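Here's a look at the side-chain contacts of a two-chain model. Have the structure open and follow along.

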Amino acid sequence: MNIDDATAAANDRLADRDDMIVCVDVDKFYGDFQALKGVTATIKEGEVAVVCGPSGSGKSTWIRCINRLEVHQGGDIVVDGIELTNDLRNIEKIRSEVGMVFQQFNLFPHLTVLDNITLAPIWVRKKPRGEAESMARALLERVGIPEQAEKFPGQLSGGQQQRVAIARSLAMEPRVMLFDEPTSALDPEMIKEVLDVMKELAHSGITMMVVTHEMGFAREVADRIMFMEGGEIVEVGTPEHFFTNPTEDRTKLFLSQIL
Amino acid sequence: MATNSPPSIHHERPPLYRDVTVVKWVVQIVALLLTLGALWFLANQAGDNLRASNVPTDYDFLSVNPGIDLSSGIDTDPDTGGRALWVGMVNTLRMAVAGILVATILGVIVGLARLSNNWLLKKIGTVFVETLRNVPLLVQILFYGAVFASLDRVTADVGPINGWLHISNKGLSMPRAHIADGFYQWAVVLLIGLVVANFLRKRRIAQQDATGEETYPILSAFGLMVVVAIIGWFIHPIFGFIGNIFEALSSLVSSVPETVLQLVIGALCVGSSAYWIRGFLNSRRTPAGLAKLTDDDYFRMIFAAVGGVIGAVFFLVLWPGLSSWMINSASDLFEVLGNKFGNGRSGRPLDVDLPNIVQTGKFPNYGPSGLNFSIGFAAVFFGVVFYTAAFVAEIVRGGILAVPKGQTEAAASLGLRRSTALRRVIIPQALRVMLPPLGNQYLNLTKNTSLAIAVGYSDIVQVGQTVYNQTGKTLPVVSIWMFFYLSCSLSISVIVNFFNVRMKIVER
């Protein structure tokens, strides 16, 4: 049996939704090294896709190609019907629809938490400051740190910083959120608070693509898990399929190492 | 089991030479006495030696006609040595301020060019930096001087636009705008306009924040300023009454008795030291009460108290002339201001003079009515500007590269355009890294203007050297140089530090 019943059911459930991210034969080279070898995948609207795999397998490169922080050299990437090309207008459009959360948070250290969140709504969406600020406060409430609005990022703990970073991305009201190892730089006791926010987000129906090593999170909220190795997608399936009945040897080896 | 009572601790005073408190105090006091003693000894020795070798150390030359002509400046034929040095200082300051402005702008452009993706721009930037910073500044200044000296000789109708713009081996001469009769009253109008414009700007910003509509706050404030300036041009004489106020102030100040000011100065000395001690104690206070003071803290407070008393005694007893001098100068100042703002001044605020060429002796030269830049000025100016710009370019490049790549990526992923990201995210953080080394370059530029002596531009060093060649007062002139450059450097440091503190990133 190639594909088990649960995966088939999940595919059926997602089948009638619109495509949000479509990647066809995406290639990416760093000099002679090929980081992505013909990655092909489709992520549906409202889907939570978790990408996992050993380090150096191209997970981060792939997710960074999707909002053009890295430039792919071959294949096509289409986000919400907009093709990612050299056209600046398309790039801007895609970036304002796609939020991204980084491993190192990348908050702006010279701005307060509130200014970090309102920067893009004010300068990209041209929102009035008052409106942007009340939305920022609502978002801080949502990620559980409303009392930190006036502080600077350097005054917050890692978990709080990452939650501010999530709020900052949400302030642009994106249709897709990309998470690039959001908990890898955090102390163990802070991982939970960030994962809780991400779970709440996942249930809210936003499209999410998450690169992570948090298998508990993947098992709980992922619609599909994609396993990458050596720049290729090796296996795709539901969490049930992935954790109980993986078909590929490389997947089995990976799971035996991390579980 | 032993008993529950705490073990009895026997306190034993250590002998004095092992007691930390005593040793610390003795060392502090001995160090103070040694420093004072060394200073006194050096001053004494220097004084004796100078007297013995007949080196003059007086400043009489400041009020004596030095009989020298200066090549450029606000007064090329100064009456006194002091006036001559003052002209030199103004020339140095002019050069430093203009140099800092232009070097910064040029340096930022070159630094950004070196970071751009454009191959040609990048190479031009690299060649600029590597050539200019590797050739000694003196060589560069001499080179520019030689190039400019090879321009056409000045004649009665030298071009390129005769009567408006002249370029020759005497330098550049162009129309000069200057303050005229009614300027000060007009300035009052401008000041009022500035306050109103700032108010308008703030209101417009608030309006923009409230509605999201573009209200152009800076543009509208600027427009208001232009309107106010034009109206003020015609109505400024109505502010002539301000002159009367200053006249009244002048007579009020001159009626203050000397003893009152004397006592005020003494009280200020004691009071400020008491104020400092109070602030110091407050800063050491914890929520639970006064924290335990260390010996150092006591030493500082005693030092402050003694300093205050010494200051009071000094001003009250040793320098009683100070207060009469202060009263007279303040009164004079107000009188001058009263005259400047006075009722009788109803002419134009600003005026423009066209350059002229005069021939007093054998050769024609630029007359005083135009704005003249001598060849010496140009040589030194281009020298310090290009040389410093090369270093500023490297500082700008380093500052921008010092901002982590993640910042650019985060800004890009939020959809910020590159220009917005630069302005709002990258440059504010780069400035924090750039400011301290930029301050150093500004200090270097200011001090490097002293190389003007090589091309005969009348800066403070060149003028000072001429003065002591005429009068033989080497040491006094050198002391004035040192004091002048020290003041310039400290002022620049204060300004740079002010911005440095403001740019600091809050952590914890």
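What follows goes through ground rules, salt bridges, a strand pair, rings and a surface patch.

## Ground rules

This is a predicted model, where local features need pLDDT of at least 70, side-chain atom pairs count only at pLDDT 80 or more, and totals for chains, interfaces and linings use all residues. Residues are numbered from 1 along each chain as its sequence is written, chains are lettered from A and ligands numbered from 1 in the order in which they are written, and side-chain values use heavy atoms, with hydrogens and water left out.

## Salt bridges

Over all chains there are 22 salt bridges (a side-chain nitrogen of Lys or Arg within 4 Å of a carboxyl oxygen of Asp or Glu). Take A:Glu47 and A:Arg224, whose side chains meet at 2.5 Å, N to O. A:Glu47 sits in the loop between β2 (33-44) and β3 (48-52) of chain A and A:Arg224 in strand β9 (residues 224-229) of chain A, so this pair ties together parts 177 residues apart in sequence. Helices here are DSSP runs of H or I with at least four residues, and strands are runs of E with at least two, numbered from the N terminus. A:Glu47 is buried at 0% relative accessible area, and A:Arg224 counts as buried at 13%. (Buried means under 20%, exposed over 50%, partly exposed in between, with a 1.4 Å probe and protein chains only.)

A:Glu229 and A:Arg250 also form a salt bridge, at 3.9 Å, N to O. A:Glu229 is in strand β9 of chain A and A:Arg250 in helix α10 (residues 249-258) of chain A, so the pair connects parts 21 residues apart in sequence. Both ends are partly exposed: A:Glu229 at 26% and A:Arg250 at 39%. Salt bridges with shared partners also join A:Lys28, A:Arg64, A:Glu70, B:Lys405 and B:Glu409 into one network.

## A parallel strand pair

In chain A, strand β6 (residues 98-101) runs parallel to strand β7 (residues 176-180), and four bridges join them (two strands pair if DSSP finds at least two bridges between them). A:Val98 stands opposite A:Val176 in β7(A).

Side chains in a regular strand alternate between the two faces of the sheet. In β6(A), A:Val98 and A:Met100 point one way, A:Gly99 and A:Val101 the other, and all are buried.

## Rings

B:Phe128 and B:Phe386 have ring centres 6.1 Å apart and planes at 90°, so they're edge-to-face. That pair links helix α3 (residues 119-133) to helix α11 (residues 375-402) of chain B, 258 residues apart. B:Phe128 is buried at 19%, while B:Phe386 is partly exposed at 24%. Both belong to a cluster linked by ring pairs, including B:Phe143, B:Tyr144 and B:Tyr457.

Charges sit over rings too: A:Arg168 lies over the face of A:Phe108, 4.6 Å from the ring centre (NZ of Lys or CZ of Arg within 6 Å of the centre and within 35 degrees of the ring normal).

## A nonpolar patch

Chain B has a nonpolar surface patch of about 800 Å², with B:Phe222, B:Val226 and B:Ile235 among its members. Patch residues have over 30% relative accessible area and no salt bridge; like charges are joined within 9 Å, and nonpolar side chains (Val, Leu, Ile, Met, Phe, Trp, Tyr) within 5 Å. Accessible areas use the Shrake-Rupley method with a 1.4 Å probe, and for residues only the protein chains shown count as cover. B:Ile235 lies in helix α6 (residues 217-235) of chain B and is partly exposed at 36%.

Notes:
Rings of Phe, Tyr and Trp (its six-membered ring) pair if their centres lie within 6.5 Å; planes under 30 degrees apart count as stacked, over 60 as edge-to-face and the rest as tilted.
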